[in-house]
Amino acid sequence: AISFSASDRIQVCVRKRPLSEKEMAGSQADVIHVGGAEPALKVLEYKKRLDLSEYVEQHDFIFDEVLSEACSNKDVYQRTTRELVEYVCKEAGKATVFAYGQTGAGKTYTMMGGKSQPGLYMSAAQDIFRMRDQAERDGTQVYASFFEIYGGKIFDLLNSRHACVKREDGRQNVLIRGLTEHVISSAEELMQAIGWGH
């Protein structure tokens, strides 16, 4: 059985993206370095002294997981998300995976995928339906809801951006009144729902 302790509740994973064609054409330096025995990231900061001589200051950061630009979306899924999906499906646990970063950092590519490789959404969806089918539980259904929090308000992205209201029950569980749930029967159908919401 998969179990997570309180210290495992939040993990921060970093994925380095490759330099873009524009960055390479502009001869920009690759200032992020991944490698070594521990999940560390080195950031090089090019500076000038008062006498205008140049030097490089190195900043070291340690995360729960650091993935290089050579990692595929499949690698990212296996190393960051697969165990959470198993925990949710096999132990009725709760988990959240989200991507955060500036524009152009690779969030959409990681989550949605590209032409040659599926993203984390599709990999998770395939595992969810595979585990459901293997469990041979009659009547088990998969539901999807998709909402956005924008400007302090909640909108249902699968119901024409209908406004919803956040509530909290007596056990401090957050409930979103007015959020629709949709029965999903396959990984492909889930990806369609995500596409509608985007």
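This is a predicted model: local features need pLDDT of at least 70, side-chain atom pairs count only at pLDDT 80 or more; totals for chains, interfaces and linings use all residues.
Colleague: In which sense do strands β2 and β3 pair?

Modeller: Strands are DSSP runs (E, at least two residues), numbered from the N terminus, and two of them pair if DSSP finds at least two bridges between them. Here β2 (residues 32–34) and β3 (residues 40–48) are antiparallel, with three bridges; V34 stands opposite L41 in β3. Five residues lie between the strands of this hairpin, where G35 takes a positive phi near 150°.

Colleague: How many bridges join β3 to β4?

Modeller: Nine bridges connect β3 with β4 (residues 54–62), and the two run antiparallel. A40 faces I62 in β4 across this pairing. The β3 and β4 hairpin has five residues between its strands, and L52 in the turn has a positive phi of about 70°.

Colleague: How many disulfides does the structure hold?

Modeller: A disulfide is a pair of cysteine sulfur atoms within 2.5 Å. The structure holds zero disulfides. For C13, the nearest cysteine sulfur is that of C71, 11 Å away.

Colleague: Is C164 buried or exposed?

Modeller: Buried means under 20% relative accessible area, exposed over 50%, and partly exposed in between (1.4 Å probe, protein chains only). C164 counts as buried because its relative accessibility is 10%, whereas C13, at 32%, counts as partly exposed.

Notes:
Residues are numbered from 1 along each chain as its sequence is written. Side-chain values use heavy atoms; hydrogens and water are left out. Helices (H or I, at least four residues) and strands (E, at least two) are DSSP runs, numbered from the N terminus.
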